[in-house]
Amino acid sequence: MNKPLIGAFLAALLLGAGITPAVAAEAGQARESATETAPAARAVTFAGTVSLSNCSGSVVRSPDSQPTDPALVLSNGHCLETGFPGPGEVLVDRPSTRTFTLLDASGNGLGTLKASKIAYGTMTDTDLSLYELTSTYEQIESSYGIEALELETAHPVAGTAITVASGYWKRTYSCDIDGFVHQLKEGRWTWKDSVRYTPECQTIGGTSGSPVIDDATGKVVAVNNTGNESGQECTDNNPCEVDENGEVTVREGINYAQQTYNMVPCIGTGNKIDLDREGCGLPKP
């Protein structure tokens with residue numbers, strides 16, 4: 001996983017605890033300075049993204065979400081405050097008081113949003129969490145002038161120009177969708193039909209949960225979650241690709257995301273998660 005962090009100011013101090021070292025953060029800053037000048041990167045802002053205590057995220061809506069619905073925050077399952085869900089574990093409607101810092105277009109903090117519950121969370125087949133907030137979309141827009149990012153309803157396409165917008169680091173990473181992975185295996189977890197980035201998106205710890213945004217439409221097509229750090233095969237922080245025939249491929253330095261189109265049908269009236277709705281592709285408890 002793009003490991004969650006305890007705090008940006010501690011990143012250089014916690015190498016022994018498995019936190020991304022300062023050298024990785026500095027490398028990420030150097031890479032980002034190059035991508036920030038690209039036109040595609042400028043087209044995507046931080047408006048609607050959020051910073052978590054250890055990860056990134058975004059305020060999202062489905063096409064059918066209403067202004068008076070409680071807003072949803074999208075992040076990774078491995079970013080949950082309850083810890084990594086085990087293989088096969090699915091969390092639904094768990095109480096939560098987690099807070100998120102809402103960002104404006106330039107990455108400045110506007111205010112604090114608060115969760116009422118973990119609406120959904122898992123690391124099975126995907127790496128996803130959805131928090132339901134105590135605020136509605138219209139309340140957020142009225143207070144901060146920020147609209148939620150819309151979730152794309154269709155499977156993304158290889159070659160699409162994308163931007164990974166990290167609210168934690170207030171950095172963007174621009175590249176293309178290189179392709180899709182039948183199964184992505186990392187440690188105990190297996191994810192299906194994952195998005196593989198082209199090499200330009202060198203995401204780092206703390207970017208976990210960042211929305212992956214289609215540069216052309218501005219819609220969220222995936223959620224950033226992992227990358228192969230040292231060339232190992234199928235170990236923690238070193239996911240491997242497994243094709244339909246079981247052949248394993250390791251791509252050192254390549255990063256990945258989990259698609260989000262298949263969760264849109266799971267969002268029902270009032271933004272309630274209904275895993276029995278037609279077309280819902282999320283695992284059930």
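This is a predicted model: local features need pLDDT of at least 70, side-chain atom pairs count only at pLDDT 80 or more; totals for chains, interfaces and linings use all residues.

Trainee: Which side chain meets Asp 178 in a salt bridge?
Mentor: That of Arg 196, at 2.8 Å from N to O. A salt bridge here is a side-chain nitrogen of Lys or Arg within 4 Å of a carboxyl oxygen of Asp or Glu. Arg 196 lies in strand β11 and Asp 178 in strand β10, so the pair ties together parts 18 residues apart in sequence. Strands (E, at least two residues) and helices (H or I, at least four) are DSSP runs, numbered from the N terminus.

Trainee: And is Arg 196 buried or exposed?
Mentor: Buried, at 10% relative accessible area. Arg 196 also meets Glu 241 in a salt bridge, 3.0 Å from N to O. That pair links β14 with β11, 45 residues apart. Glu 241 counts as buried too, at 7% relative accessibility.

Trainee: How many salt bridges does the count come to?
Mentor: The count is 11. Another one joins Glu 132 and Lys 272, at 3.2 Å. Glu 132 sits in β7 and Lys 272 in the segment after β16, 140 residues apart. Glu 132 is buried at 8%, whereas Lys 272 is partly exposed at 39%.

Trainee: Which residues do shared partners join into one network?
Mentor: Asp 93, Lys 117, Glu 132 and Lys 272.

Trainee: New topic. What is in the largest nonpolar core?
Mentor: It has 43 residues, and Val 59, Leu 74, Phe 100 and Leu 130 touch the most other members. A nonpolar core is a set of buried Ala, Val, Leu, Ile, Met, Phe, Trp, Tyr and Cys residues joined through side-chain atoms within 4.5 Å. Elements that give two or more residues include β2, β3, α3 and β13. The largest share, 5 residues, comes from β6.

Trainee: What does Val 59 touch?
Mentor: Leaving out residues up to four places away in sequence, its contacts include Ala 71, Leu 102, Tyr 137 and Ile 140. Contact means heavy atoms within 4.5 Å. There is also a second, separate core of 15 residues, with Trp 169 and Cys 175 among them.

Trainee: Back to β6. How many bridges join β6 to β7?
Mentor: There are 6, and the two strands run antiparallel. Strands pair if DSSP finds at least two bridges between them. The strands form a hairpin with 5 residues between them, where Asp 125 takes a positive phi near 70 degrees.

Trainee: And β5 with β6, how many bridges?
Mentor: That antiparallel pair has 5. Leu 103 stands opposite Gly 109. This hairpin also has 5 residues between its strands, and Gly 107 in the turn has a positive phi of about 95 degrees.

Trainee: Last one: how many helices and strands in the protein?
Mentor: It has 3 helices and 16 strands. Of its 285 residues, 55% count as buried.

Technical notes
Residues are numbered from 1 along each chain as its sequence is written. Side-chain values use heavy atoms; hydrogens and water are left out. Buried means under 20% relative accessible area, exposed over 50%, partly exposed in between (1.4 Å probe, protein chains only).
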